[in-house]
Each structure stands twice: as structure tokens, then as C-alpha cells.
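Thank you all for making time this morning.

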Amino acid sequence: MAMSRLSTDQLRERVSGEVVTPGDGDYDAARTVYNAMIDRRPALVVRCATAGDVAAAVDFARENELDLAVRGGGHSVPGFGTCDGGVVADLTALRTVDVDPARRTARAGGGATWGGFDAATHPYGLATTGGIISTTGVGGLTLGGGIGHLSRGQGLSCDNLLSAEVVTADGRRLTASEEEHADLFWALRGGGGNFGAVTSLEFRLAPVGDVYGGPILYELRDAGAVLRGYREFIAGAPQELGAFPAFQIAPPLPFIPEDRHGEPFLLIVACWAGPVEEGERALRPLRALAPVVAEQVGPLPYPALNSAFDALVPPGLQHYWKANFVTELSDAAIEAHLRHGPLVPAVNSAVHIYPVDGACHRVAPDATAFAYRDAAFATVIAGMWPDPADNEANTAWVRDYYAATAPLSEEGGYVNFMAGDDQDRIRANYKGNYDRLVEVKRAYDPGNLFHLNQNVEP
């Protein structure tokens, strides 16, 4: 159904935020998303100032039979935060984070980023599992699961979610928790944006102030020994230790020898969240895996580590990612990484192998929508580069790498790392939880209004 000018004016009267349409001076800014590969032209962008604005945008899209995109932090690699010819509910202004230090909880708006969240909780010496880039949205990361530096000790972001305020497809504003709409709460914890627009999220916090960590760089010739040694070490390491291997081109940073800038290395990025004075000893086995080329490791505030890589991934890069879970980092998988990881094509690109054991394994696979509780690692091949002229070659690097590692991995992967062409993997990504997700989808969004995501069809 075509959208009339009058209905747009009525929407403007109903919302307190701004409605941006083509022809407005800031339309291009309003429609731009993190991944520069995505260039779409929505009919309108609602810059939501309240949860009521979100409900109005949802109602408008539904009643006019338009596509609806929900944009939180805006980091969606497939560009799910925008659309052609439809409605964007932009939650960016809903970024307030309120902390209750006595209860050790925090409530974040649907547009909050982890940088804002950490800034609010850190003064109280508290945190919960976030991502590793501070500009990532709290809502998007959590709805997909939420892997980060603190996962082994604190569980996933979604494991620390206590409740969520949600606008459902019929425009209702619901609270989802263990006590209210428990089926919806179950689905939100890993099921992505399939079930509504989440306008706020309440988290359990844990004592985390300063941590001990940072990147450790090894020569590529030692990468096999480091990966094999890391595999054995992390399986029994204290759960206060978060540490993930990565293939990365060395940026021009002072702690890296200048003549090595621009070369690829194997890194381990460590985060010891136990007593800081025990950090050096906790990381000693990592330093012993092979000679260290360079490192920037020491005590630092947790928010500083959680934002340490922000400069490498500014808005406006080209993005193409692939990912899998693995229950074992086998010798064959390591050999595949050794063939393809050193070919990382740009300083922005990276391959990360995140451990998802420890506290993540203490949650039953059917207790939340996040099903891969038996996975040892979540791998991501994150192609990111500035020049569109490199799209074909760099996308081919991601696909070739994925083709080499996928047969050695689980069928499914972490939905937050999925590309736009991964819809055929949606059932595998949720294993035995998929049919239950379909039931919840039918209950709350039978018309599939919320389909711009890794979509669970009703």
C-alpha cells in the first residue's frame, strides 16, 4: 500500500522525535549505516526519542505494509538497520544507562552502546559481558547472544539479561522477564531481532574494575605452536581469564617495532578480570607459548580494553564476515587457519577465535535461544577494509577462508557474525531451539513484520 503524505504528517504529530524523509537536508546522514557496502533509501527514518515513538513507527510500518528496520547501535554487518522504501526505527537517542549499584543492575536504552554502558557502570567497579568494540550496540549484541572479554567468567551478555522492554508487532509495549512473557524472554536471549523492537534492557552486573590485559604479538612462523598451546591452556585456564587468538596486520602503534608496521601477526588478546596483582602470573603461560615480538599488556580500566580496537573499525568501512562454532580447535582446523589467516588483506580485517566455555557452558542449551552451549570457540572471519575497489578480492578472501574451515566446524554459527547471505543457515544456527523460536515468532509476530534480521519465519 502506498504511503500518503497525510499519514506521514500524522506520524510526525504522534512522535516527539524527528521524522526524516527524502529531500530533508539530513536524509543521507539519517540513512547511513556502519557498513559502507550497504546503500539503501528508506521512505522515512524515525529518530525515536521515546518508547512511544518506537511503537508509533512500528504501527506506521505495519498499517502501511512497509518494511521495518530497527536500528540500535547500528553495527549490523548485513545492514539490517536500514531498508529500501520502508521505515527505519532509529533508537540511537535511547542511550541512557541507569545503574543501581546496590542491586548490581543496570538498565540501558535500546540505542545504548557498550562504551556508554561501561562509562556508566565502571565508576561503581561493575560490568557485564559486552563486545570488544565499544561502539557496538548493547541491544543488538545481547539479542544475538553476546560474546566478549568477560564471557568465560560471567557468561554471555544474554545470560546476564534480567528483563527487556519490547514493542511487539501489534504495537504493544511489553516487559519480558522470567516472570512476565517468559516465552518472549527466552527467545530474546539469542534469537536476535525477530520478536520486537527492544527499547531497554536490564542487566545483572558483576564486580569488574581494572583488569590486566592487552595484545601479545607472535611471529607467523610460531603461529601453529601458539594456537596448539593456546588450545590446551585455555581449556583449563581460570575463568577470570578471557583470551582469544587473532590474525591481524600490525597497525602503526608505538609498542610495535616501526619496521614491523603493516606486517601480519598472530595475536592473543588477553583480559584477566581477577585480582589485578595476579594478572602477570595469569598471563605468563601465554607469553611462554613462543617468543613475543611486542605486547601492550598491563593493568588498565576495563572500558579501556573494551575500546582498545575502536580506531581500527571506524564507521564507513566495507564489511563482509563469515563465522562458525567449533567444539574442538582441531589440528586440521589450525592448519586451515595457518594457510588463510596470514593473508589477512587489510589492517582493519581480522580473524578472531573466541573461547565460549566456562560460564557459557553452565547454561543449558535449551535455557535460552542461544543453543551452542557445547561449543568451545566461536570463530569469525571479519573482512573490513576502506576501499570499495577491493571488495571483490577481499570478499573472496573471506569466502575462501570460510570454505576451508567450515567442513572442520559445526554447521551453525553465531548470529551476530552472520552475513546477509547466510539466511540458509538459520536453522543450523539454533539447532534444537529453532522450532521453539518459530512458535514464539508465531505468537508475537505472525506476519513477520520483524524480518530484517537473521530471520526466523513464522
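This is a predicted model: local features need pLDDT of at least 70, side-chain atom pairs count only at pLDDT 80 or more; totals for chains, interfaces and linings use all residues.

**Strands, helices and rings**

Residues are numbered from 1 along each chain as its sequence is written, and side-chain values use heavy atoms, with hydrogens and water left out.

Helices (H or I, at least four residues) and strands (E, at least two) are DSSP runs, numbered from the N terminus, and two strands pair if DSSP finds at least two bridges between them. The pair I started with belongs to strand S6, residues 105–109, and strand S10, residues 197–204, which run antiparallel and are joined by five bridges. On the S5 side there are four bridges between S5 and S6, again antiparallel, and here Val97 stands opposite Ala108 in S6. S5 and S6 form a hairpin with four residues between them, and Arg104 in that turn has a positive phi of about 55°.

Which order do the strands of this sheet take? It is an open sheet of five strands, in the order S5-S6-S10-S8-S9, with antiparallel pairing. Strand S5 (97–100) and strand S9 (173–177) are the edge strands, each of them pairing on one side only. Neighbouring strands are turned by 15° against each other on average, direction ignored, where axes are lines fitted to C-alpha atoms, for helices over the stretch in contact, and angles run from 0 to 180 degrees between N-to-C directions.

Buried here means under 20% relative accessible area, exposed means over 50%, and partly exposed lies in between, with a 1.4 Å probe and protein chains only.

Helix H3 (residues 51–63) lies across strand S8 (161–167), S9 and S10, and runs at about 50° to S8, while helix H4 (residues 114–121) lies across S5, S6 and S10, at about 30° to S5. Ser7, in helix H1 (residues 5–14), is in contact with Phe60 and Asn64, leaving aside its neighbours within four places in sequence. Ser7 counts as buried because its relative accessibility is 11%.

There is also an open sheet of four strands, in the order S1-S2-S4-S3, and its pairing is mixed. Strand S1 (18–20) and strand S3 (68–71) stand at the edges with a single partner strand each, so one side of each is left without a neighbour in the sheet. In this sheet, neighbouring strands are turned by 20° against each other on average, direction ignored. Four bridges join S3 to strand S4 (residues 87–90), and these two run parallel, with Val70 opposite Ala89 in S4.

As for the record, UniProt, in an unreviewed entry, places the feature "domain: FAD-binding PCMH-type" at residues 38–208; its positions are given in the numbering used here, feature names are shortened, and annotations may be inferred rather than shown by experiment. Over residues 38–208 the chain is 23% helix and 26% strand, with the end C-alpha atoms 37 Å apart.

Let me turn to the rings. How many aromatic pairs does a search of the whole structure find? It finds twelve, where rings of Phe, Tyr and Trp (its six-membered ring) pair if their centres lie within 6.5 Å, and planes under 30 degrees apart count as stacked, over 60 as edge-to-face and the rest as tilted. One of them is the tilted pair of Phe244 and Tyr354, at 4.8 Å centre to centre and 45° between the planes. This pair links distant parts of the chain, since Phe244 is in strand S13 (residues 241–249) and Tyr354 in strand S18 (residues 350–355), 110 residues apart. Both Phe244 and Tyr354 are buried.

To close, ring pairs link Phe244, Trp321, Phe325, Tyr354, Phe370, Tyr372, Tyr414 and Phe417 into a cluster.

Note on methods: Contact means heavy atoms within 4.5 Å.
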